[in-house]
Structure formats: C-alpha cells, structure tokens
Protein chains: 2
Amino acid sequence: MDSVEGHKGPVRLALDAEGGDYAPAEIVAGAVETASAHMHVLLVGRPEIIEPCLQEAPAEIRRYVDIVPATSVISFHDEPAWAVRNKPDSSIVIGARLVTDGVADGFISAGSTGAMLAAGLLVVKRIRGVKRPAILVVLPGMEGPIAFLDAGANANCRPEHLVEFGVMGAAFARTVLGIAQPRVGLLNIGEENSKGNELTVAAHRLLAGSTLNFVGNIEGRELLYNHADVVVTDGFTGNVALKLLEGTAQSILQRIRAAASSSARAKLGGLLLRPALQTTRASLDSEEYGGTYLLGVRGLVVICHGSSSRRAVANALRFAARAAEQGLVTQLPVDVEAALAASTRASDTVGGEVS
Amino acid sequence: MDSVEGHKGPVRLALDAEGGDYAPAEIVAGAVETASAHMHVLLVGRPEIIEPCLQEAPAEIRRYVDIVPATSVISFHDEPAWAVRNKPDSSIVIGARLVTDGVADGFISAGSTGAMLAAGLLVVKRIRGVKRPAILVVLPGMEGPIAFLDAGANANCRPEHLVEFGVMGAAFARTVLGIAQPRVGLLNIGEENSKGNELTVAAHRLLAGSTLNFVGNIEGRELLYNHADVVVTDGFTGNVALKLLEGTAQSILQRIRAAASSSARAKLGGLLLRPALQTTRASLDSEEYGGTYLLGVRGLVVICHGSSSRRAVANALRFAARAAEQGLVTQLPVDVEAALAASTRASDTVGGEVS
C-alpha cells in the first residue's frame, strides 16, 4: 500500500471496547485478531473489564494492543449530543479525542450510532469546505462492493449535498475499495434524466455537470447489481433503503429456513445445502466490510453495527487501516474543493443554469 | 361477500388483452381461468389476435368472456399523457372508457404503468375531494398482506397527502383485504416521533391527530413484518422501496441458486429443497396479490406487472372483483371527506397547531 500521508510507523486505531452488544469480549477479540507490527490498536474503556479479555492474547500480539482508560459509557438511551457534551470521560468521546489529538489514525465503535455521529460532528468536527458529513455504507453487490451514501446522517438534503456525497464516495471508492475511476450513480425512480422528485431531478443536473464519472440514475431494483461503484441519495431515502435491504434479506432467509423444515425431504436438502447457504448469508453480510464511515469530518470515524462480532470488528479495523494508509481523510477536502471549483466554473459557463 | 353497491348482476371487469410481456396468450388465459357466472371479463384489444387464444376455452366459460375491439396499443416507448390523449382507439384508453361509461366495474392492464396512470387521471379522473391519487401495492408480509402506498404516483408529496394515502389505504385494507380495523404506519427512520425528514415529521403529527388507527413509524427493517396493515410514504420513497424489495429478493435467490450448484453435495441439497424454495419464492411473489391499484380515481384501475403470467392476471381479476363487490371506489370519497372534516375539527381545537 502507498503511504500517501507519509506514514512511517504503524497505523494506530482507537477502538471502543465498551460499544456494542458483545462488548468487551468480541471487540477485544477482533483487536487481537488484527493487531500487528503494522497496526496498533488502542482499546478505549475501563481497564478492569478489558484486561481479562486480553489474558489469552499471545504475548507477541499483546504488545501491539494498548489500553486507553475511559471511565463511562454512552448508552443507546442517552440523547447523543447531550451525552457527547456531558460525558467527556466516556469511551466514545475519549476515542474521538485520540483522533483529534493525532494519537490515533482513526476511531471505531460498535456503540450508539447517534453518539458516534455527534462525536464526529462535535469533537472531530467537519472538514473545511464540507457542508454535510455523510454516512457511507459498503453494500454487498453481486459483483463486488458498492459505496452507498448518505445512509442516515442528513434526513433533509439539497441537490448540492448529493454532489458532495458523490465526491466523498468517489474518494472512498478509490482509496479504500481500490477502484481507480469509480462510476457514480444517483438512486432514483426511472432511468430517464427527467424522472424523480424535486431533489433528484435537480441533483441529476448538477451531477451530470460535475467532474464526477456520473453514470445516471440507479433504480432500487439495480442497487445490488453494480451498475455504479458509488450510489448517492439523501439520508432519509438512504436509511430507509439500507434498513429495507437488511429486513428483506432477513425475511427471505427466515422463509427459507421455515421452508427447509417443512418436510423430511426438505430437511435433508437443507442439511446438505447448509454450507452453501452460509456462503450466501456471508455474501450478504454487512460484517464483510466492517461498518459504516462518517465521511467529511477531520478524522477517520467508523461506526460498526451494534451486533458486531469479532469478525466484523476485525474487518472494520482492516478497512480503517487501509483508509488511513491511503489518506482518505486528507484526500476528501482536496476533492471537495476541486469539485466545488469545477461546478462554479460550469455554472459560470452556462450562465447560471446549474444553480 | 356483501354487495355494498347493490350489485345484482355479475361483476364485469375490462382486461387489456394487449398489455404486458406475455400478451395476449397469458392475459387471455388468466381471463379464461377466472371468468364465471359471477365475473364476466371484457377483453380489450384486436379481435383477430384475441380470438385464436380463446379457441380452446370451454364453451361454458367462453360465454362469460367478451371481446371489446381496440385497434391500437400504447407501448412502453410512448409518452404516457401524450399517448392517452392521442390514441383514443388504444386498448388502455378504451378499457378506461368502459369504466367511466359504467360498462365495466374495473379495468386491469399489464401494459405501460405510465399510460395506465395517465388514463386513470385523464380518462377515469380523480374522485372529488381526493387531492392525490396514489398507487397501492400489496406487499408479501411475513404474516399476511400489507397495503403499501404511494408506490410511485406522486414523487413530491406534502404531509397532508400522506394522511390521504392512509385514509385510502385503510379503505382498501378493509374492503379488499378484509381487515376490520387496519393499523396505519408511516415509513420512517427511527421509532421516535421526532425522527424523520421534514415531510415525515410533519406527516407523523397529522397522522397522530387523525381518525386513523395510527401505530407510528415503521422502519425499513420492519416493513415486511406486519407491524402495520397499511404503510404510507411519499411516491419517491415508495417506488425506491418497492423496487429495492424486488431487487433484493432477486439478488438473494440468485445467490442461493449459485451456491446450490457450487458442489455435488449442494446440488443434491438444492434438488431436495427445490419444492420448499419454490414455496418461498411464491410467498415473495408480487403476482400473489395481482397488481397495484390506482386509488383515488372514479373507478377501479389495476396495474399489473409487465411480466404478469396467467396466474398474476387471474389473481388480479379476483382481487379486483372483490374490490368492486365491496364498493372500494364508492367508499373512498366518503372516507376521505370524513377524514378531512375530522382533521379540520382537530386543527380548530388545537388552535391551528396541526397545519
């Protein structure tokens, strides 16, 4: 991997040991699985609950794992912005501070999404030039990963925000997914340019006039079929879509399980097919790409699913390391400014038609 | 079934014999499968292409099927509103006319959705008091059907439109799905009242103050889990969601098929499990409930999927007959007016807070 930021030492990632349904055991296990001479993990949380989980870690791994004490936890019940302001000793706030202080190259948590979003905006703070930080999720497309944003940070968006999402998503696809010329699509209804609601019709025009490799509208039916590498949408539609994907997958797998116990014949079939079905489930699994990314803040912030296993945590650490080494966060303001400059030129040229 | 409209004779349904990927053969076959002394079908299209498809129909069925000549077809390439205005002899316009002229109790087509929508609005025309006719689709919930609207008629909505969708959806659930007290939910992000975008936050307030049996927000993850019988959303989100459901289901079944041919063991398992998987596929099948309904126009208008088989057409005819016999279309303006009156009273009471 190139060292865009001129990284000399190992990547250092802060990891919230207290966040998620299976904290601290699975979180710490994920750290132990991935820590190495190239990637140090800073476990943030109460030392007395982290230490026991590290007992069995091999000594050669143990020295790549540090503990940064935090005495409280922000729970799912806390109002996010209030909690971030009033719990400075919480694992989420301390983890975010490690990033702003330059101690860590990124911060990862499977805790409250709302609190992570608030910590991103209030502690890490937005990048100069970025109007709307957005949540990016990597979807399991039929032919590979698809960067999808905004998955829920901005319920109300203006057309220019969707262009910004495209710029940030493209930077992510290049640096983290390794796609040289990412194709950017717009989640919309219908294939024609004129289709959509007020937001998408206007966003389509802006995207078509941008420097992005814009490939047009992507309908819901095509979302998982890799017609684009990056798909942008507003945070309301994105969040509905993401949860609908999860719910539909769960519902179908439940139906299949029920069908596979409906007769002796089906039971045997289900038994024989089980490994193949597990592969299918894994291919749909959000854990594969390890969490969602808060793009547009001055540091790498990764939010994992509350139900993250050690595998999810390990994958999140690996992807975050890649993002850090490739300089995703330093690339974003450059790309956003360039896109802004280009769109200003374009709107000058066409006499303000793109407005 | 009650005969709300005081139907004495059989239900008469007009069916576009020229619309859909498998027209006319599968369309006519669907008609032959369902036509009876209680349900007459009027096949609309060119007699010379319909007649051959009726050759093998039993004589006792044949007399419940009539042909209404139409000399042209509106294709998917035609601009819908233009085509409806300029092709008065097309099967879609003639079918819609049969409804407005009182010759048919409903019109069903698997042709261009856009043209059906245009024919609904321009020929059948909207019900007095209904601001926004909407497309309702019946989703295959885990525990039974869920009425979901708007699935695409109105890309831009105001909060009061979502209440109207709730009223129309509840009327549909009562008359066609036989649910006495339909629970109405709002597709949204998050469970709390305060969550959502500008549209859903305002719509939530209006719905909570309405006479509907409103059960609150439904997240994308829960959409197929029957937490509500009727789920309302704007036509943009609804269309994205519907297509995403279809695309996700297709993607998962493809992944399973691929997995089931990955080894000899998996192949045998797939073979044994095949009947059970077919049951699963059928349970997800949009053909089960036969098409989408354009609610809010002065007649029963049902739009089937372009790929409708004879089974889909037969189901659409059966559901449409039920809707006609239960007086769905005559019930709608009554319910819409009552809801409007109730919401006016409510907003008077709270001093215009609900506005």
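Biologist: Where is V93(A) found?
Modeller: V93(A) sits in helix α5 of chain A, residues 91–100. Keep in mind that this is a predicted model.

Biologist: Is V93(A) buried or exposed?
Modeller: Buried. V93(A) has 24 other C-beta atoms within 10 Å, and 20 or more count as buried.

Biologist: What does V93(A) touch, leaving out residues up to four places away in sequence?
Modeller: V84(A), K87(A), P88(A), A119(A) and V123(A).

Biologist: And V73(A)? How far apart are V93(A) and V73(A) in space?
Modeller: 9.2 Å, C-alpha to C-alpha. In sequence, V93(A) and V73(A) are 20 residues apart.

Biologist: Switching to chain B. At what angle do the axes of α7 and α8 of chain B cross?
Modeller: Roughly 50°. The axes of α7(B), residues 159–175, and α8(B), residues 198–208, come within 8 Å. That angle makes α7(B) oblique to α8(B).

Biologist: Is the crossing of α7(B) and α8(B) left-handed or right-handed?
Modeller: α7(B) passes α8(B) in a right-handed crossing.

Biologist: Which residues meet there?
Modeller: From α7(B), the residues are P159(B), E160(B), L162(B), V163(B) and G166(B). α8(B) brings L199(B), A202(B), A203(B), L206(B) and L207(B). By class, that contact has eight nonpolar residues, one polar and one charged.

Biologist: Now the two chains together. How many residues does each chain give to the contact?
Modeller: Chain A gives 47 residues and chain B gives 47 residues.

Biologist: Which elements of chain A give two or more residues to the side that touches chain B?
Modeller: α9 (235–259) and α10 (264–283) of chain A. The largest share comes from α9(A), with 17 residues.

Biologist: What's the make-up of that side by class?
Modeller: On the side of chain A that touches chain B, 23 residues are nonpolar, 16 are polar and eight are charged.

Biologist: What rotation superposes chain A on chain B?
Modeller: A rotation of 180°, with 0.0 Å of shift along its axis. The RMSD is 0.0 Å. The two copies are thus related as by a two-fold rotation axis.

Biologist: Which C-alpha in chain A is nearest the axis?
Modeller: That of G269(A), 1.9 Å from the axis.

Technical notes: Residues are numbered from 1 along each chain as its sequence is written. Chains are lettered from A and ligands numbered from 1 in the order in which they are written. This is a predicted model: local features need pLDDT of at least 70, side-chain atom pairs count only at pLDDT 80 or more; totals for chains, interfaces and linings use all residues. Two residues are in contact if their C-beta atoms, placed from the backbone, lie within 7 Å. Helices (H or I, at least four residues) and strands (E, at least two) are DSSP runs, numbered from the N terminus. Ala, Val, Leu, Ile, Met, Phe, Trp, Tyr, Cys and Pro count as nonpolar, Asp, Glu, Lys and Arg as charged, and the others, Gly among them, as polar. Axes are lines fitted to C-alpha atoms, for helices over the stretch in contact, and angles run from 0 to 180 degrees between N-to-C directions. Angles under 35 degrees count as roughly parallel, over 145 as roughly antiparallel, 65 to 115 as roughly perpendicular and the rest as oblique. A crossing is left-handed if the near helix is turned anticlockwise from the far one by less than a right angle, and right-handed if clockwise. Copies are superposed by least squares on the C-alpha atoms of residues with pLDDT of at least 70 in both. A residue is buried if 20 or more other C-beta atoms lie within 10 Å of its own, exposed if 12 or fewer, and partly exposed in between; C-beta atoms are placed from the backbone.
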